[in-house]
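The entries below follow the order in which I looked things up.

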Amino acid sequence: MPKPNAHITVRKVRPDELQILQIIGSSTFEATYGALNTEENMRQYLAEHFCMEAIKTSFENPEEEFYFAENSGHIIGYVKLNHGSAQTEDKFPNTLEIERIYVIAEHQRKGYGLALLEEAIGIASKKGYKSIWLGVWDRNAKAINFYEKNGFSIAGIHPFVLGTDPQRDYLMKLEL
């Protein structure tokens with residue numbers, strides 16, 4: 001696996017940074033998927049999953065973790081990890097779920113996603129997990145390629161509902 005940019009740091013998100021987390025999450029999600037979905041479905045999904053109450057609830061759950069990627073003090077993206085019962089699927093025993101790796105569009109392909117992925121792998125290894133899994137929209141070829149390039153393979157599918165639109169995610173898994 002190639003090494004990310006040496007100027008990138010990854011650190012745990014602090015409680016006073018939830019608004020930054022919300023802004024990066026909602027803006028990145030909308031920038032990535034907005035043109036491929038209806039405005040109404042995007043609005044509904046963002047209101048449910050990226051409102052401050054949802055972010056705060058996730059942040060306060062001890063089985064969910066958030067880490068920022070930074071460069072010179074500028075927050076560029078984040079990863080959301082789910083342990084135990086916080087995972088969105090229970091198909092894989094003794095695993096860590098990466099629910100999100102979001103990097104601001106103009107900073108993509110500069111090593112931030114890889115740095116966040118490596119942080120997740122390190123956490124999973126330290127906690128003794130046997131694998132890592134994630135869900136990725138079957139129409140997101142860029143993300144699928146990134147994960148395959150970094151050792152993940154498709155291990156199943158699951159439904160994902162955006163607003164009222166049923167979609168399909170590939171479940172991708174990396175054995176540690």
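I began with the outward side of α5, where A141 and K149 are exposed. The model is a predicted one.

I then turned to the opposite side of the helix. In α5, which spans residues 141-149, I found A143, I144 and Y147 buried. Viewed down the axis of α5, these buried residues fall within an arc of 100°, so they line one face of the helix. I looked up what covers them, and the cover includes β4, β5 and β7. Just after α5, I noted that G151 has a positive phi of about 95°.

Next I traced the sheet. I recorded an open sheet of 7 strands with mixed pairing, in the order β1-β2-β3-β4-β5-β7-β6. At its edges stand β1 (8-12) and β6 (153-162); each has a single partner strand, so one side of each is left without a neighbour in the sheet. Direction ignored, neighbouring strands of this sheet are turned by 30° against each other on average.

Which strand pairs with β4 in the parallel sense over 4 bridges? I found β5 (residues 131-137) to be that partner of β4 (residues 95-103). Within β5, I132 is the bridge partner of L96.

Last, I checked two further helices against the sheet. Helix α1 (residues 18-33) lies across β2 (64-71), β3 (74-82), β4, β5 and β6, and I noted that α1 runs at about 85° to β3. Helix α2 (residues 39-49) lies across β4, β6 and β7 (165-175), with an angle of about 100° to β6.

Terms used. Residues numbered from 1 in each chain as written. Predicted model: local features only at pLDDT ≥ 70, side-chain atom pairs only at ≥ 80, totals over all residues. Heavy atoms only, no water. Pairing = 2+ DSSP bridges. Helix = DSSP H or I, 4+ residues; strand = E, 2+ residues; numbered from the N terminus. Axes fitted to C-alpha atoms, helices over the stretch in contact; angles between N-to-C directions. Contact = heavy atoms within 4.5 Å. Buried < 20%, exposed > 50% of the residue type's maximum accessible area, 1.4 Å probe, protein only. Arc of directions from axis to C-beta.
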